[in-house]
Amino acid sequence: MTAWFKRTDKGIQTATEDKKDTPKGLWYKTPSGKIIDTEELKKNLYVSPEDGYHVRIGSKEYFELFFDDNKFTELNATLTSKDPLKFEDTKKYPDRLKAAQEKTKLNDAVRTAVGKSLGKDLVIAAMDFAFIGGSMGSVVGEKIARAINYSIEKKIPFLMISKSGGARMMEASLSLMQLVKTSAKLAQLAEVKIPYISLCTDPTTGGTTASYAMLGDINIAEPNALIAFAGPRVVKDTTGKELPEGFQKSEFVLEHGFLDAIYERKNLKKQVNLYIDLIQNIPVRA
């Protein structure tokens with residue numbers, strides 16, 4: 001028997017510093033079972049070339065996608081949530097916030113920024129699902145409101161990228177107040193005729209859908225995104241009926257008149273800026 005099958009030396013001879021761990025995250029498996037190299041996935045804007053599945057991404061990736069050369073100025077970056085209700089479930093709310101901040105390196109569930117997109121200024125508010133499910137608390141509402149104020153003051157178009165599980169339970173009624181607050185701010189934006197494009201990504205649900213996500217001059221979405229108020233399980237339990245295939249996915253929502261269009265991620269920058277040019281009745285950028 002050769003040494004391929006029989007150890008010639010007893011014990012493990014490899015020095016600790018020479019040991020190599022198997023790198024984590026080399027492959028990504030889509031819901032349909034397709035396997036893709038993570039580096040290839042990143043180069044393809046986190047969209048599987050095998051089946052077109054759009055992997056969830058956050059504000060970092062959307063800023064890279066929309067802002068020219070990824071150059072932007074972040075707005076109100078240091079705002080963080082307080083605990084006015086002294087809320088506690090399995091964890092105290094401040095402890096949950098601290099854990100989320102350490103895990104995600106984010107201060108809350110939305111980031112806002114201004115920069116050039118196809119050569120023209122654009123204000124973007126992009127939500128991060130990784131931060132407590134993208135839940136909409138008072139800081140989320142305040143940052144969106146301030147970003148809209150900036151758009152009004154500077155006369156710059158506004159893009160909202162929604163990705164949220166809805167209102168933040170730990171802030172109760174204070175969270176629900178953000179629906180009214182952001183909707184009122186968007187009404188002010190409309191009064192001064194500044195374009196607002198709403199991009200719904202997976203998932204856009206609850207109070208987010210019930211407020212700013214559906215109030216755009218143009219409402220668009222990525223393919224196969226969950227867009228709903230209550231989730232499919234809740235709807236099924238409430239109505240006691242079987243739901244149609246693809247219920248509450250962006251294609252279903254488009255078919256029923258709640259969206260204007262669905263675009264693949266690679267086309268978003270061009271299409272958003274095209275809509276802005278058309279709304280403002282200015283020459284279309286190449």
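## Salt bridges

Glu64 forms a salt bridge with Lys60, with the closest N and O atoms 2.9 Å apart. Both residues belong to helix H2 and are separated by four residues, about one turn of the helix. Glu64 is partly exposed at 36% relative accessibility, and Lys60 is partly exposed at 47%. The model is predicted, and the count in it comes to 14 salt bridges.

Asp202 pairs with Arg56 at 3.1 Å between the closest N and O atoms; Asp202 is in strand S7 and Arg56 in the loop between helices H1 and H2, 146 residues apart. Asp202 counts as buried at 14% relative accessibility, whereas Arg56 is partly exposed at 41%. In the salt bridge of Asp68 with Lys269, the closest N and O atoms are 2.7 Å apart. Asp68 lies in the loop between H2 and strand S3 and Lys269 in helix H9, so this pair ties together parts 201 residues apart in sequence. Lys269 is buried, with a relative accessible area of 18%. A network of salt bridges links Asp108, Arg168 and Glu171.

## Surroundings of Ser164

Ser164 is located in strand S6 (residues 158-164) and is buried, with a relative accessible area of 0%. Its side chain reaches the backbone nitrogen of Gly166 at 2.9 Å and makes a polar contact with the side chain of Thr208 at 3.0 Å. Beyond neighbours within four places in sequence, the contacts of Ser164 include Met127, Phe129, Met136 and Pro203.

## Packing of H4 and H5

The axes of helices H4 and H5 come within 9 Å and cross at roughly 5 degrees; the two helices are therefore roughly parallel. Among the contacting residues are Ile144, Ile148 and Ile152 of H4 and Leu186 and Leu189 of H5. By class, the contact has six nonpolar, seven polar and three charged residues.

Methods
Residues numbered from 1 in each chain as written. Predicted model: local features only at pLDDT ≥ 70, side-chain atom pairs only at ≥ 80, totals over all residues. Heavy atoms only, no water. Axes fitted to C-alpha atoms, helices over the stretch in contact; angles between N-to-C directions. Parallel < 35°, antiparallel > 145°, perpendicular 65-115°, else oblique. Contact = heavy atoms within 4.5 Å. Nonpolar A, V, L, I, M, F, W, Y, C, P; charged D, E, K, R; others polar. Buried < 20%, exposed > 50% of the residue type's maximum accessible area, 1.4 Å probe, protein only. Polar contact = N/O pair within 3.5 Å; in protein donor to acceptor, adjacent residues only side chain to side chain. Salt bridge = Lys/Arg side-chain N within 4 Å of Asp/Glu carboxyl O.
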